[in-house]
Amino acid sequence: MELLSLSAVELGKAIKEGRTTAVEAMEAVLSQIEKSEEVLHCYITINKKKALNKAAEVQRRIDAKELTGPLAGVPMAVKDNLCTEGMLTTCASAILANYVPTYSAEAVSRLEKAGAVIVGKTNMDEFAMGSTTETSAYGVTRNPHHREHVPGGSSGGSAAAVAAGECFFALGSDTGGSIRQPASHCGVVGMKPTYGTVSRYGLVAYGSSLDQVGPLCKTVEDCAVILQTIAVPDTKDATQIAREDTDFTSALKKDVRGMRIGIPGDYIGLSPRKHGDLSSKEHGEENCQEYSHGERGIGIDSQVRESVLRAAKILMEQGAVVEEFDLDLVEYAIPVYYTIAAAEASSNLERFDGIKYGFRAGAKGLHEMYKKTRSQGFGQEVKKRIMLGSYVLSSGYYDAYYLKALRVKAMIKKAFEQAFAKYDCILGPVAPTTAPKLGESLTDPMKMYLGDIYTISVNLAGLPAISVPCGSDSRGLPIGLQLIGDCFQEKKLLQAAYTYEKCRS
Amino acid sequence: MRKTVFRDFRSEERGEGMTERIDDEMIEYVSILAKLELSAEEKEQAKKDMGRMLDYIDKMNELDTTGVEPMSHIFPVQNVFREDVITNGDGSTRTLLNAPEQKEGMFSVPKTFDS
């Protein structure tokens with residue numbers, strides 16, 4: 001049996017049935033890490049001995065029938081902004097180079113309780129600020145499908161580790177697309193649940209009103225199982241919502257008959273206001289140049305658009321009612337996002353002051369120590385966002401920027417509400433292009449920001465969304481299909497995604 | 001309250017070097033708020049970056065938001081209480097292991113006041 005080709009759920013089943021063991025699974029992952037990790041660099045921290053010992057302990061508990069769940073014995077990777085008790089948690093920043101948490105994030109604890117075993121902590125953009133995993137203080141991660149390209153970000157290490165067989169599934173966090181976009185770029189499944197579904201306890205905060213923890217994995221079934229395991233009420237996160245409809249695996253049905261699916265014209269480079277229906281494909285060409293940001297905003301790569309429309313057609317053939325519609329305010333999501341995320345980041349990252357944990361720079365007085373510690377400890381992208389956030393929150397600019405952004409956010413939320421009055425899900429691409437080349441985004445950060453156009457509004461409106469592989473471009477780089485649902489409608493997404501996955505040839 | 005140089009920027013007039021909307025004084029002020037000490041080079045870069053971002057963020061002003069309530073949270077969840085009971089025990093020894101400096105079971109910090 002080729003272990004690494006199994007999904008997480010298939011592996012869990014094989015372990016349960018005694019066809020393999022948790023230790024064998026961990027050995028398979030570690031031997032893959034031996035082979036590919038030096039080039040790919042998916043992880044910041046790997047503790048092989050600890051992982052093997054833990055796998056052996058879990059196997060004993062499986063043998064004793066104490067652990068019977070679908071993920072028992074399955075090796076997982078954890079994004080390095082999720083606290084892991086006794087294991088280095090750096091957020092890919094120099095300021096936390098030596099931070100060893102005394103507790104684990106709730107999502108991590110839940111998975112460990114279910115018998116999943118941590119392989120290590122994955123690379124990411126520093127404090128999750130970036131879309132390529134290149135702002136990490138510990139080096140870049142390479143895309144397993146094409147080593148000259150980035151894996152996406154910020155959960156790039158998690159996505160690449162799943163794609164490369166360096167784990168069976170991973171946890172990530174999504175503030176503006178940080179699970180879905182790397183999942184798309186690495187050809188794996190990734191989901192951002194409805195805000196408040198997964199406890200944020202132990203997730204190092206970036207933009208607290210936007211952050212959600214979620215899975216990166218090989219199949220839609222894995223996604224449902226992992227989400228079901230981590231979507232558990234937790235009083236330690238006051239923004240968490242006690243949901244009762246978390247039997248997500250019940251949605252794994254190959255059936256989309258009658259499901260209403262809308263494709264926003266702006267998401268596929270067509271503008272229904274001007275051009276009418278989906279079949280008039282040639283009309284999209286004018287918007288097709290990369291990242292044009294003219295009046296209608298968005299440019300999309302033609303291969304991405306074709307793959308996404310092909311996926312829509314498959315769902316249509318399965319009985320879904322698919323049509324194009326006009327989603328309002330798409331082009332305002334990025335300015336709103338960067339205002340709110342930077343504001344919240346500047347506040348959240350105040351805690352890194354060199355007093356209680358992490359790096360401390362030598363200095364005579366307290367204030368000098370704060371400034372030196374933060375200036376030496378944070379990387380450029382983080383400093384940039386803290387500065388911007390401090391500015392938009394400062395007295396005199398608060399109303400014009402921060403409050404304005406919160407008002408536009410309310411309007412964006414409303415635009416989605418109107419859409420979901422008509423549709424069960426919204427379908428579109430995850431990103432306008434496939435993974436960029438290493439180094440390309442750092443020279444033009446604005447372009448990197450604009451690449452988040454399809455993912456960001458989902459966080460602003462608190463919606464759930466899933467990224468599912470739907471093909472690859474001529475260079476072999478994966479393309480992702482995004483399905484967006486109304487709040488608490490993860491099951492509809494999973495059902496549509498599962499159906500697509502089963503019908504995709 | 002201090003004010004910064006605000007020129008009238010129409011997007012079509014924007015060109016190279018037109019990101020001077022953030023001046024030295026403003027960078028100084030923001031870095032105090034952000035508790036960051038930027039090098040001369042970083043300051044120049046920050047001026048450019050922030051100016052560029054703000055030019056872009058200004059797009060929000062195209063929308064009339066009169067009468068729209070600011071939405072800080074998606075769901076109207078308020079007053080989430082829980083009992084104030086200790087559930088995690090005394091972790092002070094382990095917590096202090098992460099301290100850059102400690103003394104007699106306490107965090108040690110550089111001198112705060114001049115006598």
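Let me start at A:Ser154, which is found in the loop between E3 and helix H5 (156-163) of chain A, where helices (H or I, at least four residues) and strands (E, at least two) are DSSP runs numbered from the N terminus. The peptide bond that leads from A:Gly153 into A:Ser154 is cis, with omega near 10°. On chain B, the loop between helix H1 (24-33) and helix H2 (40-57) holds B:Lys35, which has a positive phi of about 50° although it is not a glycine. As background, most residues other than glycine have a negative phi, and most peptide bonds are trans.

Please keep in mind that this is a predicted model, in which local features need pLDDT of at least 70 and side-chain atom pairs count only at pLDDT 80 or more, while totals for chains, interfaces and linings use all residues. Residues are numbered from 1 along each chain as its sequence is written, chains are lettered from A and ligands numbered from 1 in the order in which they are written, and side-chain values use heavy atoms, with hydrogens and water left out.

Now to the sheet of chain A. Its 11 strands form an open sheet with mixed pairing, in the order E1-E3-E2-E4-E6-E5-E10-E11-E9-E7-E8, and two strands count as paired if DSSP finds at least two bridges between them. Strand E1 (43-46) and strand E8 (321-325) of chain A stand at the edges with a single partner strand each, so one side of each is left without a neighbour in the sheet. From one strand to the next, the twist averages 30°, with axes fitted to C-alpha atoms, for helices over the stretch in contact, and angles running from 0 to 180 degrees between N-to-C directions.

Let me turn to the interface. Here 72 residues of chain A are in contact with 56 residues of chain B, contact being heavy atoms within 4.5 Å. The two chains bury about 5700 Å² between them, 68% of it on carbon and sulfur atoms, where buried area is the accessible area (1.4 Å probe) that two parts lose on being put together, summed over both.

Between chain A and chain B the count is five salt bridges, each a side-chain nitrogen of Lys or Arg within 4 Å of a carboxyl oxygen of Asp or Glu. The side chains of A:Arg360 and B:Glu101 meet in a salt bridge at 3.3 Å, N to O. Among the elements that give two or more residues to the side of chain A that touches chain B are helix H10 (333-348) and helix H13 (398-422), and H13(A) provides the largest share, 11 residues.
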